[in-house]
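Open the model in your viewer and keep a selection panel at hand.

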Amino acid sequence: MIVLIGVSLLIFAIARVIPGDPARIALGPNATAEAVVALRDKLHLNDSFLAQYGYFIADLLRGDLGLSLYTNRPVMADIAQFLPATLELVIVSGIMMVAMGLPLGILSARHRGGWIDHTVRLVTLLGVSAPAFVWAVVLMLVFSYFIRIFPIAGRISDSFSIQTVTGFLLIDTLIAGDFRAFGNTVWHIILPAFALALSGIGQAARLVRSNMVETYDKPFIEMAQAYGFPEKRIARRYAFRPSLIPSLTIIGLDFAAMLGSAFLVEAVYAWPGLSRYGVAVILRKDLNAIVGTVLVISAMFLIVNLIVDLLVSIINPRIRLSQRAS
Amino acid sequence: MSAPTLKIDDLKLSFKTWSGTAQVLHGISLHIKKGERVALVGESGSGKSVTARIVLGMLQQLKSARIAGSVEFEGVNLETLKPASRHALRGTRMSMIFQDPTSSLNPVYPIFAQFKEVLERAQPGITNEKAREKAISALADVAINEPDRVLDSYAFQLSGGMNQRVMIAMALANNPALLLADEPGTALDVTVQAQTLKLMSELVKKHHTSVLFISHNLGVVREFADRVYVIYKGNIVEQGPTERLFDDPKHPYTRALLSAVPRITGGGIPDLDDDPGRFTAPLVAHEGYSERELLA
């Protein structure tokens, strides 16, 4: 909560020191000077910074982020429209990251020093060494242009019209009972989500590997081997589980960071999400929309971190038990 | 006469490194008869612990290890066994106790989960109730009063002495023929160590378990072992019955080792023999206690 107030204050200040007059940009070059002054008055732009922030907070408490000067609609409505597309992309990416990163890391650690390990480490190094938007372009070129397996852009083909319920197309198509449309959405989301997930997959795999390799040197692993427990079981219960605790925190941070990388991936794939909206409003110096977007993304970031902290305290008996005791 | 529980003959071990081969064991021979408690004594790096790991077959999987010589377990040469049947001996017919009990237990599962895994080695598919019953009786053997509380605890919640008892209970739960005790309890307080070793001693006597007791603690060895092998830099330098070896050490290294122990009566830390060249003198066996005579 305190973090959110800080973020709002900071972004509020930054948005106001960007050069350019929002009223002038909104009204266009042909507007009269009187109209510009009137709009500036209406937006409280002539008041002191603190007064402006006061108006903003008062509105925010009523659930009102103000009007967007770009779309001329309430910012809340815009965010509600664009956020689900971004969340859908990021969540699918996050699932890919965990579902592919962890097994790769475990595989690598179990065969440490062998060729499987070397291959995995090389591939994951490639994954982390290029940013998501580079992968977005590369994957698009290879799999949508040279080999036309995946659609080049968008969330769903234009031929489908799906009623919006949750805004998550993967869910809405299922609610509509249209499995062809569902398949189509899955088809559309694979490339952008994978591009966004790649560096996370690489990082998760490398992290899990290094933590597991370290755990493999612990006495309780030797004890498990001395008692002849099966290798697979040792890998899962003795090497992976203890090393999941330090790994999970970082993976959570990576997941939250995807919200940021999503900006550029959305731009490449013409993905109608919040990030594209964010870029558009920053260029238009649409104050209310900028502050609203950043606030929502920070709130997401905090929520993800909270969930990760909870998960860590569940899987780490030391934390779990100390909480029960106190 | 039945075959000894463990018979090691001319065991050699070397590690291949970038800068050449490092010879760790230069051909050691020792044996343990059924129910016998034998100590392997030496300083750090003398090759005590690797010997135990070779018996379990844990060093063989290291690519850099070169092993020669034979290890016979209850009359069967372990090298002739298929890897799976050799692996099947671990935790069932032979088990091991480690130096630091607390860090040798998995930190993210309660004691019972690991106890059950140990019991599963001998009885695959054992039910939770049955495993719990067995674990409780095994813990009772090592004088643990609240077995239920201990089983539901994590290793980090228990004291070192308690964990050591748990380790002993686990090690003996499947009634193994051979117990390898690698410096058990060296990480513990002396009083706790004495208590737990006494428990272990009584239990192995009761079950006629053969024990290879690896230690550098001579006081403990004297109380615990029937026979002693002294190892120095990968060679057995002296062997004999415990009493006689302690009262009348024959090899220069054994003498140095015995005099190196600080006395509780004071007098400072004793001076060590300043001629380690003599420590590599050949093996001295006490009368009637050479490998040839004992195995005849």
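Predicted model: local features only at pLDDT ≥ 70, side-chain atom pairs only at ≥ 80, totals over all residues.

Residues are numbered from 1 along each chain as its sequence is written, chains are lettered from A and ligands numbered from 1 in the order in which they are written, and side-chain values use heavy atoms, without hydrogens and water.

**Stop 1: the interface.** Select 29 residues of chain B and the 19 residues of chain A that they contact (heavy atoms within 4.5 Å). The buried area is about 2300 Å², 59% of it from carbon and sulfur atoms (accessible area, 1.4 Å probe, lost on being put together, summed over both parts). Colour V108(B), Y109(B) and E117(B): in chain B they lose the most area to chain A, together 25% of what that side buries.

**Stop 2: a salt bridge.** Show the side chains of R233(A) and E120(B), which meet at 3.6 Å, N to O (Lys or Arg side-chain nitrogen within 4 Å of an Asp or Glu carboxyl oxygen). The two chains share 4 salt bridges.

**Stop 3: the largest pocket.** About 950 Å³ of space lies here. Of its 21 lining residues, R112(A), Y216(A), Q225(A), Q61(B) and L62(B) are the closest to the centre. A pocket is an open set of points on a 1 Å grid over the protein atoms alone, where a 1.4 Å probe fits, with protein on both sides within 12 Å along at least five of seven lines; lining residues have an atom within 4 Å of a point. The volume is the space filled by probe spheres set on the points, joined across faces, edges and corners.

**Stop 4: the second largest pocket.** This one holds about 510 Å³. Centre on K42(A), L43(A), G66(A), L67(A) and N288(A), the closest to its centre of 23 lining residues.

Technical notes: Buried area = accessible area lost by both parts, 1.4 Å probe.
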